[in-house]
Amino acid sequence: MFQLNYQPAHHFATRLKLDKLSPKENNLVFLVLSARRKPCCNCLFTQNKQMQSTKIRRKVAPANGELDNSADKQEQLLLSSAICDGEDLGPFIRKAFAGGRPETLLHNLRHFARSKESEIEEVCKAHYQDFILAVDDLRSLLSDVDSLKSALSDSNSKLQFVAGPLLASLDYYLEAQTVSQNVHLALSQIAICIKLMELCARTNHHLSSGKFYLALKCADAIESEFLDKTPSSTLKAMLEKKIPEIRSYIERKVSKEFGDWLVEIRVVSRNLGQVAIGQASAARQREEDLRIKQRQAEEQSRLSLRDCVYALREEDDEDGFDGVIGDDGKDGYSNGASGSLGFDLTPLYRAYHVHQTLGLEDRFKQYYFENRKLQLTSDFQVSSMTPFLESHQTFFAQIAGFFIVEDRILRTGGGLISRFEVENLWETAVSKMCSVLEDQFSRMQTANHLLLIKDYVSLLGVTLRRYGYPVDALLDVLSKHRDKYHELLLSDCRKQTAEALSADKFEQMLMKKEYEYSMNVLSFHLQTSDIVPAFPYVAPFSSTVPDCCRIVRSFIEDSVSYMSYGGQLEFFDVVKKYLDRLLSEVLDGALVKLINTSVHGVSQAMQVAANMAVMERACDFFFRHAAQLSGVPLRMVERGRRQFPLTNARDKAEEMLSGLLKEKVDGFMTLIENVNWMADEPIQNGNEYVNEVIIYLETLVSTAQQILPTNVLKRVLQDILSHISEQIVGALLSDSVKKFNVNAVTGIDVDVRLLESFADSQSTLFTEGEVSQLKIALAEARQLINLLLSNHPENFLNPVIRERSYNALDYRKVMIISEKVKDSTERLFGTFGSRGTRQNQKKKSLDILIKRLKDVS
């Protein structure tokens, strides 16, 4: 009922949707609705009868007088319909104000309110009896409420009297509880303060002890666990101030330690690189010693199997490579340090851990990388004041030590530097080292200097390859300058060879001690027998031979040293190629020049020829030695053996010796002019010239066989005998001999027989085949004499007989010499009793020969 009385006003306000009206419009609407609100229920109750009597009178009459025209009526109907339907009245209000007619809108609203009053009165009339009954019920309850109020008051008095002592006890209890809580709070705060002070004391102790990482951990614990719980504002303020200061102090300290470490690690890296490369050099030397023992075992295996087995066991007992730098599990690192190698990473790792704790890990990583990169860049600087030959070891050792340290940090630093960053640094270093090597190699003009640097670079490569760094680019630079190195080496050997040859006195070398024999003979395999001679020992060669052998051996070793450890496994062919050049171009050319300019006597020529024979054995040693150093089996060298590379010098020496000997022989051959070409009787013991020649040849052989090998002596004697044969035939051809008889031919036959006997007498020196070759050297003279003494000289015209018995004769020479054959009484071959007929037959045969030869010519 109460809601019905207030419903119209509230309902209208709701339907008007005042939130969409302007403030002025809202005030107007509420003013209208407030003016038309209905009286309360009490007013309705007291005026009930009046309302009933005046019902007809108070009905709302039609407002025809107010709505004079149909437009106003239409607007009033639209407004009423909108209010009843709960529509928005905002457009009506705006329209009224926009048209300047708010009074009309107000009038319409009041008219609508009056039209609804009758409905309200009907509702109130229908329900007013219920209101009255409800009020009566409420009044009847008033006495009961008063009695209830009295009872509640009495109960409250009794409760207050009984609860008084209890409330007092409760007050005491609450007071005690409060004190207890305060004491407990105080104790807990004191405990917090005690723990806090203990952490502070521990922090100070770690700071004073230099244990910055633990100090930071304590500071972090104070900040995270106790700073917000600290009861003292003063203490809290102090902590808030000091904790950042502690962190800043620790950061400065570890940064200073790290800076000192950066300075120290440069010196340490250089020493570390030198130690690492030194260990690589020692390992290489052990490998070389092992190869030497293997070669010794191969040599001993030729003598007896027992010696070979002993040598191999000795090799097996050798210790392998130990103490390698950076060997995992054997490095001796403690806390990132290496006591055995002398470098400590503890300051670096302490700084890294501290910055990790401070949350500055990435910044420290960048700072570390940039500083190390700057150090590496400064390591690349090559001083122009110091020759690179003197500074190259320091240069490469510094770089090697740098990357050994970086490898250790990469593996133990916990991500301080990444593999990608290390690889970038290495690529930069390799590029710079290659550039430096290219520049320095292009300037060098001494092979030994280039070899020294190459050896150190190869050791650097061996050292860093063990740490996983690729060194192929460095090895490629070394291979690229291989030709230049060998050209410089050949140039050096050319100078050394010229000096050695110029100092040669063309005398046999005297060795007084066994070590001299071993150093000059055995070391080059120049001996012809395994029996050690008695001392003093006179060698068949001069001092030039061992000097040249030492030069060649040094060349081989230097060449192999350059080619070894350069990334090329099979390099014997390269060494062999340059060895051929050394022997065939340098040494052979120098020997030919020596022979042409400095050899003037037979003894000198004989000594040079002897030297060349020894050098032929030495050349075999050179190629075997090169193969052994290159790790190539000797059987491959034997299979691919080439001709003697000093052929020109050997031929020139033998030619020079033969030429000088021929000059000597020619001096004796001039005595052939004393031969009586028309002798009455043949000479039985040979002519004077041949006796002198044979005496000289015998003397020559007795001297030459002491220094010349038999093959060389055989070739020289063969050349001399051939020359003697040519001289004999030449004497018969010469214009000084106009004619000769058969007695003179018989005398020449005796001379040739004496020369053949001399050849036969050399059977103690030469083989039967070689003696035959010496006699063949006299073939021209022997065949000519046989032809002149033959009973049928015309057989020379028979091709078969000529090929078999006279193949060394020239038909033109035969024709000229045959025309000179005369008898002492102007009868061909003379007449001696019963031999006249036979001589006539020889004459006819010889005439036929001469005629036929003239026809052919």
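Biologist: Which residues does His392 touch, not counting residues up to four places away in sequence?

Modeller: His392 touches Leu452, Ile453 and Tyr456, where contact means heavy atoms within 4.5 Å. Keep in mind that this is a predicted model, in which local features need pLDDT of at least 70, side-chain atom pairs count only at pLDDT 80 or more, and totals for chains, interfaces and linings use all residues. Residues are numbered from 1 along each chain as its sequence is written, and side-chain values use heavy atoms, with hydrogens and water left out.

Biologist: Is His392 buried or exposed?

Modeller: His392 is buried, with a relative accessible area of 3%; buried means under 20% relative accessible area, exposed over 50%, and partly exposed in between, using a 1.4 Å probe and protein chains only.

Biologist: Which helix does His392 lie in?

Modeller: His392 lies in helix 13, which covers residues 388–412; helices (H or I, at least four residues) and strands (E, at least two) are DSSP runs, numbered from the N terminus.

Biologist: Switching to helix 27, which residues are buried there?

Modeller: In helix 27, residues 768–776, the buried ones are Glu770, Val771 and Leu774. Seen down the axis of helix 27, they fall within an arc of 105 degrees, so they line one face of the helix, the arc being that of the directions from the helix axis to the C-beta atoms.

Biologist: What do those buried residues of helix 27 pack against?

Modeller: They pack against helix 25 (710–733) and helix 26 (742–760), while the face of helix 27 turned away from its buried side carries the exposed residues Glu768 and Ile776.
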